[in-house]
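I opened this entry to look up a few strands, cores and charged pairs. My notes follow in the order I worked.

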Amino acid sequence: MKSTSRRSLALAAGLVVSALLGLSDWPVLAPLGKAVAALLALVALLWTVRVVWRRLLWRVGRRLAFSYFLVGVLPIPMLVLLIVVGGYLLSGAFLGHLYRDAASSVVGELAATAELAATRLQAGDAPAKLVASRADDPVHLAIYRQGRRVAGSELAPSSFPAWMVGAETPRTTRREPNPTFVALADGTLALATARLRGSFGVVALRSNGLDEALQAAIDARVSLFRSDDPRRKPVTFFEFGGRRVALRQLRFGSTPAERAAFYARFPPRLAGAPSWRERPWIEWVELSGAVRALDSGTEVADYAAAALVASPEALREHLLASSAEVDTTAWLLFLGLAAVLLDIYVVAAAIALTMIFGLSRAVNRLSSATEALRRGDFQNRIRVRRRDQLGELQRSFNAMAAHLEELVATAAQKEVLDKELELAQRIQQDLLPRETLKLAGVRFSTSFEPSAAIGGDYFDILRIDDTAIAVVIADVAGHGLPAGLRMAMLKAALRILVENGETPRNTLSRLGDMIRSERRTFVTATLARFEPADGRLLLINAGHPPCYRIHAGGVEEILLPSPPLGLLGQAFGERELRLGDGESMVWLSDGLIEARNAAGEPFGYERVAAALAGPATPPEAVRDRLLAAVLAFIGKEPVEDDRTVVVLSYRPEVTPKSS
């Protein structure tokens, strides 16, 4: 919507600016502004049509209805209109056929009359007697001897028109040829023919009553005129298939008197006003060749034409009167096919309408359900009744909505669980020592990296009394929340035992008794008692990996085999040693020793000793050497187990002797 409004505002602004420039008096900018304004107006019109079109047809139901209108409804009136126009053209062509046939009959009658007269003259009949015997005949006859008219109609020329001998239009096709009209001395159109027998010549022509004769033959009004007739309307011709066709009919406007005369000649068969079938609304024109003067044969007009006006009823009678049986059969066949076509169309229209309403309703339901889903209503479902592809789509939507509802519920539960895990992780971090004890001559460096949100490793540094501290590192079996809970329990019990003054052995023993009460649970641990005053260190081990002593001579691995806490037996490993100045002790969990690279090879004890080799102090350097070696070994492999390191560096302060 925002982009549409911005475009409309931009178009309106551009149109206003260009219109103002067009109305200005500047010689260069005014024409340019008018051109730009016209172009922008066209663009705005097209854009408006596009927007209206898209908004009107946005709904699928409207689009289907519009498509059905274009495919199923609009072609029907177009087809009816095409049939009407085609019927009109066929009616006009048939009317022209009737006219040509009637005109050919007149020409044939003239030819027969001229032939008979010429034969009788050769037989000895007198010209005057021959003309007198045909006084009541509408055909005008003229007798010539030695090229001069000796008897007959004065409409014929005084000299025999020799050019007419053999000039009749030949019949080259099955189509009746248009007759060749001639012009009399007064310019009247006439049909004429000539015959020459020895010294005698005969001219038969017909002009007066020619229109009426043709009208009586075809039951239509016939108006003959020449190309130079002032009554005719303008006309344009084009060539089509070798035939000259008029683009505009050469007809005359009928007056009330002419219409009354037409109805008098062809009265309506129904009482009162004539029906549409009996009204003379079928108009046609037939063109003949050039019009020549009867006396000389010179061309006096480009063409002669017949304006034909008839009623559909008259044409129907001419077309069907001679074949009643065939007409009945054809009409029955036509009506039967029309009824079948109508039934098919009605059924197809009913199916199309049913499909349009069904598809539109199904799409609207899907749209409404999708909108409800977008608003967060995951319990909304579509009532499915269809058994087609749309019904399957609706069922898929319901399944998707149910799955989304489950996912949302699962996500909510996961969010709650994540918050709880975050809280537990924070609690576990609080259980680990934030700051190591600060004692004279002793420095610590630690590292704790859990493999999960909550780890199972534990380390602590506790003050026993003013002369000793306790260092503990433990590994609870498993990961996650259960291991973290056990680790918290272990820390609480250990702190209580240490503060109560229990010896390291008794402390681990009592911890083992407590852990043994839980099934399928064990803990590995190393508890050390260190006295900074003289460097004495007591190590008690319960199944934990070895610790390492770093001194000037290298790295010493202190391995104290023993079972972990929680199992039967209390045979703890024990060793007492004394740390020298500048030496360090390293405790670690098995997550570092068992760290694996991409090939599945563990880091191992030997690499631990090699990584620890080097200066024993400061403790941060010792810790970083070990962690860097592990990271370089495993690369980008994920952490599979908790990794814990505690480094103790011992540098006793020397008290100066009093003198």
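Predicted model: local features only at pLDDT ≥ 70, side-chain atom pairs only at ≥ 80, totals over all residues.

**Strand β21.** I then looked up which way the side chains point. Glu583, Met585 and Trp587 point one way from β21, while Ser584, Val586 and Leu588 point the other way. Both sets are buried.

**Partners of β21.** I next checked the pairing on each strand. β18, residues 547-551, pairs with β21 in the antiparallel sense over three bridges. β22, residues 643-650, also pairs with β21 in the antiparallel sense, here over six bridges.

I wrote down the strand order as β13-β22-β21-β18-β19, an open sheet of five strands with antiparallel pairing. Which strands stand at the edges? They are β13 (442-449) and β19 (554-558); each has a single partner strand, so one side of each is left without a neighbour in the sheet. Direction ignored, neighbouring strands of this sheet are turned by 15° against each other on average. Helix α14, residues 604-612, lies across β18, β19 and β21 and runs at about 30° to β18.

**Arg549 and Glu556.** I returned to Arg549 for its charge partner. Arg549 forms a salt bridge with Glu556, with the closest N and O atoms 3.9 Å apart. Arg549 is buried, at a relative accessible area of 12%. Glu556 has 21% relative accessibility and counts as partly exposed, the cut-off for buried being under 20%.

**Arg643.** This residue is in strand β22. I listed the contacts of Arg643, leaving aside neighbours within four places in sequence. Among them are Ser447, Phe448, Glu449, Asp457, Ser589 and Ile634.

**Other salt bridges.** My search of the whole structure gave 24 salt bridges. I looked at two more pairs. Glu531 and Arg529 form one, with the closest N and O atoms 3.6 Å apart. Glu531 is buried at a relative accessible area of 19%, whereas Arg529 is partly exposed at 23%. Arg578 and Asp534 form another, with the closest N and O atoms 3.4 Å apart. This pair links distant parts of the chain, 44 residues apart: Arg578 is in strand β20 (573-578), and Asp534 is in the loop between β16 (523-531) and β17 (536-542). Arg578 is partly exposed, with a relative accessible area of 47%, and Asp534 is partly exposed too, with 25%. I followed the shared partners and got one network of Arg529, Glu531, Asp534, Arg536, Glu576 and Arg578.

**Nonpolar cores.** I then turned to the cores. The largest nonpolar core has 39 residues, and Tyr99, Leu214 and Leu224 have the most contacts inside it. Elements that each supply at least two of its residues include β1, β4 (189-197), β5 (200-206) and α6 (210-218). Which element gives the most to this core? It is α4, with 12 residues. Apart from neighbours within four places in sequence, Leu214 is in contact with Tyr99, Ala102, Ala103, Val106, Val222 and Leu224. A second, separate core has 24 residues, including Leu462, Leu494, Leu508 and Ala542.

**Hairpin of β1 and β2.** Strands β1 (140-145) and β2 (148-152) run antiparallel and are joined by four bridges. Ala142 stands opposite Gly152 in β2. Two residues lie between the strands, and Gln146 takes a positive phi near 55° in this hairpin.

**Met514.** Last, I looked up Met514 in helix α12, residues 504-516. Met514 counts as partly exposed, at 25% relative accessibility. Not counting residues up to four places away in sequence, Met514 touches Met489 and Ala493. The C-alpha atoms of Met514 and Met489 are separated by 9.8 Å, and the two residues are 25 apart along the chain.

Technical notes. Residues numbered from 1 in each chain as written. Heavy atoms only, no water. Buried < 20%, exposed > 50% of the residue type's maximum accessible area, 1.4 Å probe, protein only. Pairing = 2+ DSSP bridges. Axes fitted to C-alpha atoms, helices over the stretch in contact; angles between N-to-C directions. Contact = heavy atoms within 4.5 Å. Core = buried A, V, L, I, M, F, W, Y, C linked by side-chain atoms within 4.5 Å. Salt bridge = Lys/Arg side-chain N within 4 Å of Asp/Glu carboxyl O.
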